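Please look at the sequence and the model first.

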Amino acid sequence: LGMLVALVALIRNSRLWNIAAFYIVLVSAVMHGLGLFARMSILLRPPVSTLYESMIFVSFMAACFGLWLEHKKRGGESLLVSSLIAALLIMSANVFAADSDTLEVLVAVLNTNFWLATHVVCITIGYGCCLVGGVIGHAYLVMRLLRPNAPKLGELHKNMLGVSMVALFFAMFGTILGGIWADQSWGRFWGWDPKENGAMLIVLWLLFLLHGRLAGVIKPLGYGVGMVFTNVIVALAWFGVNLLNVGLHSYGFTENIATNLAAFCVTEAVFAVLMYHFIKVKDGNPEAASKTGRGVPVPNNA
């Protein structure tokens with residue numbers, strides 16, 4: 001409901017509708033948080049150990065992150081993006097509900113509340129921040145194609161940069177904490193396990209984008225494309241590595257998501273490539289660009 005009201009607020013450019021959307025999402029997030037607190041009280045552990053639990057937790061963090069961005073920026077786009085992610089994750093989580101019994105007993109290696117509350121929580125917060133940034137990247141590319149002179153393009157770009165830095169902090173910090181936990185549990189800090197590689201890949205990808213943007217090698221358009229591909233990397237690190245069924249992190253996950261995962265990755269890649277192509281073609285077409293105020297021919301004596 002908050003997502004739909006936020007969409008109406010953007011379409012109508014209404015401050016009143018935007019305020020209504022904010023408080024609807026806020027109430028929803030509070031209810032969501034109370035549900036997570038109830039799970040913690042019942043299970044006596046953080047609710048982030050299984051794939052189902054990680055999805056409902058990332059959904060909660062996406063909603064909270066969007067509310068924080070909206071409180072800071074007051075634009076409406078962050079609220080729409082975060083509520084969309086939260087709603088999709090909540091609906092998708094039912095696929096992994098383990099025959100409606102989601103209050104699972106953990107395997108011994110995972111039953112460590114301190115590390116669940118630090119390493120796993122940091123990693124899943126990083127997932128949520130990455131997804132928010134990836135969907136903002138979608139919004140940036142669509143607006144860049146349809147309204148290349150829109151004032152909100154600059155705001156979306158700043159949001160992508162800010163979200164990337166927050167995501168990088170949690171992903172990197174969570175990966176380091178995971179290595180410390182692995183050293184205590186398995187006797188080695190790093191073993192090139194698929195899950196470890198996936199976490200490192202997220203960190204390296206965000207570093208690549210941020211360094212490229214700060215150095216001026218990657219332009220805002222390229223950064224938007226890169227943020228869309230962030231969704232693919234997060235999906236592979238979150239779900240894909242579990243399909244390999246190898247490594248010490250292969251426990252308690254479903255094997256029936258390969259087709260959906262492949263479809264998601266291909267769709268995201270095709271979207272990013274096509275949007276980049278269409279935008280570059282439009283920028284290089286004087287007639288099309290002149291309709292939006294871009295690329296208008298200038299006399300030599302101007």
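The model is predicted.

**Helix pairs**

Two packed helices are described by the angle between their axes and the distance between the axes.

| Helix pair | Axes come within | Crossing angle |
|---|---|---|
| α1 and α2 | 8 Å | roughly 165 degrees |
| α3 and α6 | 12 Å | roughly 135 degrees |
| α3 and α4 | 8 Å | roughly 170 degrees |

Helix α1 spans residues 2-12 and helix α2 spans residues 15-43. Their axes cross at roughly 165 degrees, which makes α1 roughly antiparallel to α2. The crossing of these two helices is left-handed. On the α1 side, the contact is formed by Gly2, Val5, Ala6, Val8, Ala9 and Arg12. Their partners in α2 are Trp17, Asn18, Ala20, Ala21, Ile24 and Val25. Sorted by class, the residues of the α1 and α2 contact are nine nonpolar, two polar and one charged.

Helix α3 covers residues 51-73. With α6 it crosses at roughly 135 degrees, so α3 is oblique to α6. The crossing of α3 and α6 is right-handed. Phe65, Leu69 and Lys73 of α3 are in contact with Glu155, Asn159, Val163 and Val166 of α6. This contact of α3 with α6 has four nonpolar residues, one polar residue and two charged residues.

The axes of α3 and α4 cross at roughly 170 degrees, and the two helices are therefore roughly antiparallel to each other. From α3 the contact draws on Tyr52, Met55, Ile56, Val58, Ser59, Ala62, Ala63, Gly66, Leu67, Leu69 and Glu70. From α4 it draws on Glu77, Ser78, Leu79, Ser82, Ile85, Ala86, Leu89, Ile90, Ser92 and Ala93. By class, the contact of α3 with α4 holds 14 nonpolar, five polar and two charged residues.

The largest pocket contains about 650 Å³ of space. It is lined by 22 residues, of which Met55, Leu89, Ser92, Phe239 and Phe264 are the closest to its centre. Met55 belongs to the α3 side of the contact between α3 and α4, while Leu89 and Ser92 belong to the α4 side. At least two lining residues of the largest pocket come from each of α4 (77-93), α5, α8 (220-243) and α9 (258-283). The lining of this pocket has 16 nonpolar residues, five polar residues and one charged residue.

The second largest pocket holds about 480 Å³ of space. Its lining consists of 19 residues, and those nearest its centre are Leu10, Glu77, Leu80, Ala139 and Met143. The elements α1, α4, α5 and α6 each give two or more residues to this lining. Helix α5 provides the largest share, six residues. In terms of class, the lining of the second largest pocket is made up of 14 nonpolar, two polar and three charged residues. Glu77, one of the residues nearest the centre of this pocket, also takes part in the contact of α4 with α3.

**Cavities**

How many cavities of 30 Å³ or more does a search of the whole structure find? The search finds two. The second largest cavity has a volume of about 50 Å³. Ile123, Gly126, Tyr127, Cys130, Ala171, Thr175, Ala199 and Ile202 form its lining. Helices α5 (113-146), α6 (152-186) and α7 (194-214) each contribute at least two of the lining residues. Which helix gives the largest share of the lining of the second largest cavity? That helix is α5, with four residues. The lining of the second largest cavity has six nonpolar and two polar residues, and no charged ones.

Definitions and conventions
Residues numbered from 1 in each chain as written. Predicted model: local features only at pLDDT ≥ 70, side-chain atom pairs only at ≥ 80, totals over all residues. Heavy atoms only, no water. Axes fitted to C-alpha atoms, helices over the stretch in contact; angles between N-to-C directions. Parallel < 35°, antiparallel > 145°, perpendicular 65-115°, else oblique. Left-handed = near helix turned anticlockwise from the far one by under 90°. Contact = heavy atoms within 4.5 Å. Nonpolar A, V, L, I, M, F, W, Y, C, P; charged D, E, K, R; others polar. 1 Å grid on protein atoms, 1.4 Å probe; cavity = no way out; pocket = protein on both sides within 12 Å on 5 of 7 lines; lining within 4 Å. Points joined across faces, edges and corners; volume = space filled by probe spheres on them.
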